[in-house]
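Biologist: I am new to this structure. Please show me how to read its features, one at a time.

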Amino acid sequence: MTVNKTDKTERAFLFALDTGDYDADASIEELTALAQTGGAEVISYAVQRRAAPVAATLLGKGLLEEIAAFCQDHDIDLLIADNELSPVQIRNIENLTGVRTIDRTTLILDIFAARARSNEGKLQVELAQLQYSLPRLSGKGTALSRLGGGIGTRGPGETKLETDRRHIRRRIETLRRELDKVEKRRERLHERRRKNGALCVAIVGYTNAGKSTLMNRLTDAGVLEEDKLFATLDPTARRLLLPNGQPVMLVDTVGLVRRLPHQLVEAFRSTLEEASWADVLLNVCDAADEDCAEQIQVTQRVLQDLGCGDKPVINVLNKCDKALSPDSLDFLENAVRISALTGEGIDGLLAAIEAALPLRSRRVQLLIPFDRLGLVSAVRKGTVHSEEYREDGLWLDATVAVDELEKLIDYIV
């Protein structure tokens with residue numbers, strides 16, 4: 001057991017079962033960050049390695065008795081499991097330890113509930129929590145015995161979870177209908193952008209990799225930047241003008257983690273699917289993190305599930321101002337090293353975005369004779385950067401749609 005002390009409010013002990021299916025040590029580190037994001041003080045943790053979980057309690061009875069003694073000696077008031085627990089396992093662990101117990105999924109849902117700001121985000125969080133809670137209404141142990149009892153109790157509220165299943169199912173259907181309306185509005189917006197020829201670049205990647213910092217660096221979007229997981233839940237879209245004059249829509253999306261609960265993937269599908277509408281994806285990772293390669297692969301798997309596997313992807317290795325472990329990143333293609341914080345490498349990233357985008361417009365200089373000024377209307381459909389009247393005509397520096405260039409080709413300088 002490892003002990004570390006901070007000044008947080010709710011004192012938590014973390015535990016995990018390692019059956020060899022994934023890197024349990026890296027996962028427990030991530031769980032520590034999640035718990036701290038949720039507002040807990042992580043006092044200690046334990047990882048038990050065994051071939052299979054104990055059906056009744058996940059961990060062996062001996063270790064649970066050690067955890068119970070530790071909790072009593074150190075005033076622990078919350079146990080958090082890195083594995084998903086059944087209602088029976090939660091009840092049995094609570095009976096053995098006398099400490100309120102939640103699992104990784106409940107913790108993540110709780111963080112989302114605390115950070116949702118938009119109406120859509122709140123609907124998505126409530127749907128995910130109710131879907132997770134519905135099969136767990138019986139045998140939840142002390143988790144429902146306290147009203148507002150701390151981490152794991154935010155969101156729709158325990159009074160809703162204590163109502164009958166029929167009411168919760170009706171609420172789930174209502175939420176799905178509301179989210180369907182939101183998704184249809186989002187689809188209409190995307191179709192309108194597509195008809196207008198607007199190109200979209202989506203920032204995707206692991207949570208806390210610096211996506212919001214990059215968004216602010218490129219567009220002055222004013223997105224919240226925090227050294228916490230899931231600082232951004234609601235997608236933010238801003239206009240970005242590339243160096244070649246091409247305007248694009250830059251979208252910041254919700255971050256990902258290992259073993260993201262499928263309830264969240266389903267509930268936040270419309271938000272995550274911002275990536276499926278994009279013309280280019282920026283897969284941002286923390287290049288100073290020793291788990292950077294795995295973080296990129298987590299994002300790649302989610303993108304595959306969303307049907308984005310054939311889209312151009314630029315792997316953005318952020319935080320290159322810190323120490324890197326380049327050997328583990330040799331497998332990456334089309335990678336750009338940047339620091340969103342300092343601005344290092346941003347010019348190279350913008351050049352990579354320009355190269356990856358489909359050619360829908362081109363920046364040109366034109367000199368249009370006075371007797372052909374009617375052609376200027378075609379130029380103004382794009383972006384005019386500067387213009388001046390000269391002796392032999394109107395000179396323009398403009399970004400023009402490719403399908404308009406044919407009628408202008410004789411006047412390109």
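Modeller: Start with a definition for pairs of helices. Angles under 35 degrees count as roughly parallel, over 145 as roughly antiparallel, 65 to 115 as roughly perpendicular and the rest as oblique. The axes are lines fitted to C-alpha atoms, for helices over the stretch in contact, and angles run from 0 to 180 degrees between N-to-C directions. Before we apply that, note that the model is predicted: local features need pLDDT of at least 70, side-chain atom pairs count only at pLDDT 80 or more, and totals for chains, interfaces and linings use all residues. Residues are numbered from 1 along each chain as its sequence is written, and side-chain values use heavy atoms, with hydrogens and water left out.

Biologist: How many helices and strands does the protein chain have?

Modeller: Helices (H or I, at least four residues) and strands (E, at least two) are DSSP runs, numbered from the N terminus. The protein chain has 15 helices and 14 strands. Buried means under 20% relative accessible area, exposed over 50%, partly exposed in between (1.4 Å probe, protein chains only). Of the 413 residues, 53% count as buried. Contact means heavy atoms within 4.5 Å. Take the contacts between residues at least 6 apart in sequence: 70% of them join residues at least 24 apart.

Biologist: Now the helix pairs. How do α4 and α5 pack?

Modeller: Two packed helices are described by the angle between their axes and the distance between the axes. Helix α5 covers residues 119-133. α4 and α5 pack at an angle of about 155 degrees, and their axes are 9 Å apart. They are therefore roughly antiparallel to each other. A crossing is left-handed if the near helix is turned anticlockwise from the far one by less than a right angle, and right-handed if clockwise. α4 passes α5 in a left-handed crossing.

Biologist: Which residues make the contact of α4 with α5?

Modeller: From α4 come Thr 105, Thr 106, Leu 109, Asp 110, Phe 112 and Ala 113. From α5 come Val 125, Ala 128, Gln 129 and Tyr 132. For classes, Ala, Val, Leu, Ile, Met, Phe, Trp, Tyr, Cys and Pro count as nonpolar, Asp, Glu, Lys and Arg as charged, and the others, Gly among them, as polar. This contact has six nonpolar, three polar and one charged residues.

Biologist: Is α4 enclosed or open, judging by its buried residues?

Modeller: 10 of the 12 residues of α4 are buried, so α4 is largely enclosed by the rest of the structure. Among the buried ones are Arg 104, Leu 107, Ile 108, Ile 111 and Arg 115.

Biologist: What covers the buried residues of α12?

Modeller: The cover includes β6 (199-205), α11 (274-277), β9 (280-286) and β10 (313-318). Cys 292, Ile 296, Val 302 and Leu 303 are among the buried residues of α12. Gly 307 follows α12, and its phi is positive, near 80 degrees.

Biologist: At what angle do α8 and α13 pack?

Modeller: Helix α8 (residues 211-219) and helix α13 (residues 346-356) pack at about 85 degrees, with axes 12 Å apart. They are therefore roughly perpendicular to each other. Leu 214, Arg 217 and Leu 218 of α8 meet Ile 346, Leu 349 and Leu 350 of α13. The contact has five nonpolar, no polar and one charged residues.

Biologist: Now single residues. Is Leu 17 buried or exposed?

Modeller: Leu 17 is buried, with a relative accessible area of 3%. Its place is in strand β2 (residues 10-18). Leaving out residues up to four places away in sequence, Leu 17 touches several others, including Tyr 22, Gln 48, Arg 50 and Leu 58. The C-alpha atoms of Leu 17 and Arg 50 are separated by 7.2 Å, though the two are 33 residues apart along the chain.

Biologist: Where is Leu 359?

Modeller: Leu 359 lies in the loop between α13 and β12 (361-368). Leu 359 is exposed, with a relative accessible area of 66%.

Biologist: What is phi of Asn 208?

Modeller: Phi of Asn 208 is near 70 degrees, a positive value in a residue other than glycine. Asn 208 sits in the loop between β6 and α8 and is partly exposed, at 26% relative accessible area. Phi of Lys 319 is near 65 degrees, also positive. Lys 319 is buried, with a relative accessible area of 17%.
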